[in-house]
Amino acid sequence: MRLLIDHQIPLAEAFFGELGALRRLPGREIDATAVADADILIVRSVTWVDEALLAGSRRLHFVGTCTIGTDHVDRQALDARNIGFASAPGCNAEAVVDYVLSSLLLVCEREGVELDARRVGIVGVGNVGGRLHRRLAALGVECLLCDPPRAEKEGADGFVSLDTVLEQADIVCLHTPLVVDGPHATHHLLDAARIHQLQPGTVLLNAGRGACLDGEALHERLAQRADLTAILDVWEREPAIDEALWQQVDIATPHIAGHSLDGKMRGTEQVYQAVMQYLGLPIRHHLVDLAPPPALQRLVLDAGYGVWEALRLCVRACYDVRRDMMALAGERQRLGMAAGFDYCRANYPLRREFSTLEIALGPGAVELEPWLSAAGFRVTMS
Ligand SMILES: NC(=O)C1=CN([C@@H]2O[C@H](COP(=O)(O)OP(=O)(O)OC[C@H]3O[C@@H](n4cnc5c(N)ncnc54)[C@H](O)[C@@H]3O)[C@@H](O)[C@H]2O)C=CC1
Ligand SMILES: O=C(O)C(=O)[C@H](O)COP(=O)(O)O
């Protein structure tokens, strides 16, 4: 069996090696010629799995994507060829929440407030938005939840409309998939009218997909009135993103919100399990046996820090979003935007999730336990 696998997929040899010959290629170099002889194709979000890619395939019978999002995969084209498919739902959702917390703590610090003084609107309350809600609520942050598909299925209790979020939230976090048609389409869900509806002072964060937000309209709003704080991890037309918008954005990162090693490894394991099930083979490898220990394992904290100061310290020790902002700015300068954007993603530094870091509290800091646990750290008493 021949497997063609994106070279950014960790542990591919350990999980898939026994199935046959592995060929690794950068995701953007996976084309119809490369796919022609593959039996199994495993991609990330930068490979468009569409008619053009599949046209020359002679033996392909399974495609996996080690990502949550599936908007780069034409499911109809796969179904028409009877090609099996799997994605990795939720694999890097914790990493996206780590990204959001790191970003929101930073903008609140700049504004001289703490996060629990802000009301957060979460649009798209699935694996990412749901986890974000749990962590924020545990930190005492009021949240407004907007998810019309869920409200339709589960009842409207606990959910609000998008208009309510735009009117009442201080911070709006977008975590929707890109859906181009149907009753709950999300393409330009935040269009010009809705972007103009945002209250002055609002923090707007998009870590779903770039096209869920009309970038040109955001650029126009910020050009007219620079009264929003924008945090964008995802963009229209990646990697050749709009430089004028990039310059207006307060936290601009190259689609790396979910790029923890943990999230990527979980994605590999989930797709491995799906492939083995598809082939009718037993699952022999488990992530728990393969994952390397985190490089930063333990922080010891004693008396001296207030709650939010301690949170900022621990969050930044584990993941500081400024690293990714600066990397994009630097690589853009060196290589140009599109190449710089891709370079940052392809050469992404080691990042582990908050849950991999043990925070050991001394006797003077025990009152920090509920807060640090709420943020997602593993807290012990030293
Ligand atoms: N920036 C990054 O690195 C990453 C981005 N993502 C993106 O985030 C998206 C969401 O991820 P998950 O939460 O894991 O997906 P999910 O499928 O678990 O949840 C998505 C939620 O959005 C809701 N939704 C759909 N249409 C909506 C609409 N019109 N308005 C409001 N809510 C709507 C759904 O009902 C669902 O509850 C992914 O599809 C992917 O595109 C995911 C991982 C990493
Ligand atoms: O899982 C998703 O969906 C994502 O957006 C990924 O975090 C993006 O990662 P790449 O597959 O583009 O490396």
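Two residues are in contact if their C-beta atoms, placed from the backbone, lie within 7 Å. The model is predicted.

Q: With which residues is Thr 268 in contact, leaving aside its neighbours within four places in sequence?
A: By that criterion, Thr 268 is in contact with Ile 9, Pro 10, Leu 11, Ala 12, Phe 15 and Cys 66. Thr 268 itself belongs to helix H12, residues 261–279. Between Thr 268 and Pro 10 there are 6.9 Å from C-alpha to C-alpha, although the two are 258 residues apart in sequence.

Q: Why is Thr 268 called buried?
A: The term requires 20 or more other C-beta atoms within 10 Å. Thr 268 has 25 such atoms within 10 Å and is therefore buried.

Q: How do you know whether Asp 147 is buried or exposed?
A: Asp 147 has 23 other C-beta atoms within 10 Å. The threshold for a buried residue is 20 or more, so Asp 147 is buried. Not counting residues up to four places away in sequence, Asp 147 touches Gly 124, Val 125 and Phe 159.

Q: Why does Asp 233 count as buried?
A: Asp 233 has 25 C-beta neighbours inside 10 Å, and it therefore meets the criterion of 20 or more. Residues that Asp 233 touches, beyond four places in sequence, include Tyr 99, Asn 206, Thr 253 and His 255.

Q: Which residues come nearest to ligand 1?
A: Of the 34 residues around ligand 1, the nearest are Gly 69, Gly 126, Asn 127, Pro 177 and Gly 258. Helices H5 (93–111), H6 (127–138) and H7 (148–154) are the elements that give two or more residues to this shell. By class, the shell around ligand 1 has 16 nonpolar, 14 polar and four charged residues.

Q: What surrounds ligand 2, and how does that shell divide by class?
A: The residues around ligand 2 include Gln 8, Arg 44, Asn 92, His 255 and His 259. The shell around ligand 2 divides into two nonpolar, eight polar and one charged.

Q: Which element gives the most to the side of domain 2 that touches domain 3?
A: The domain assignment places domain 2 at 93–252 and domain 3 at 298–381. Their C-alpha centres lie 21 Å apart, and the contact takes 21 residues from domain 2 and 21 residues from domain 3. H5 gives the most to the domain 2 side, with 10 residues. By class, that side has 12 nonpolar, two polar and seven charged residues.

Key. Residues numbered from 1 in each chain as written. Chains lettered and ligands numbered in written order. Predicted model: local features only at pLDDT ≥ 70, side-chain atom pairs only at ≥ 80, totals over all residues. Near = placed C-beta within 6 Å. Helix = DSSP H or I, 4+ residues; strand = E, 2+ residues; numbered from the N terminus. Nonpolar A, V, L, I, M, F, W, Y, C, P; charged D, E, K, R; others polar. Buried ≥ 20, exposed ≤ 12 C-beta atoms within 10 Å, placed from the backbone. Domains from an automatic or database assignment.
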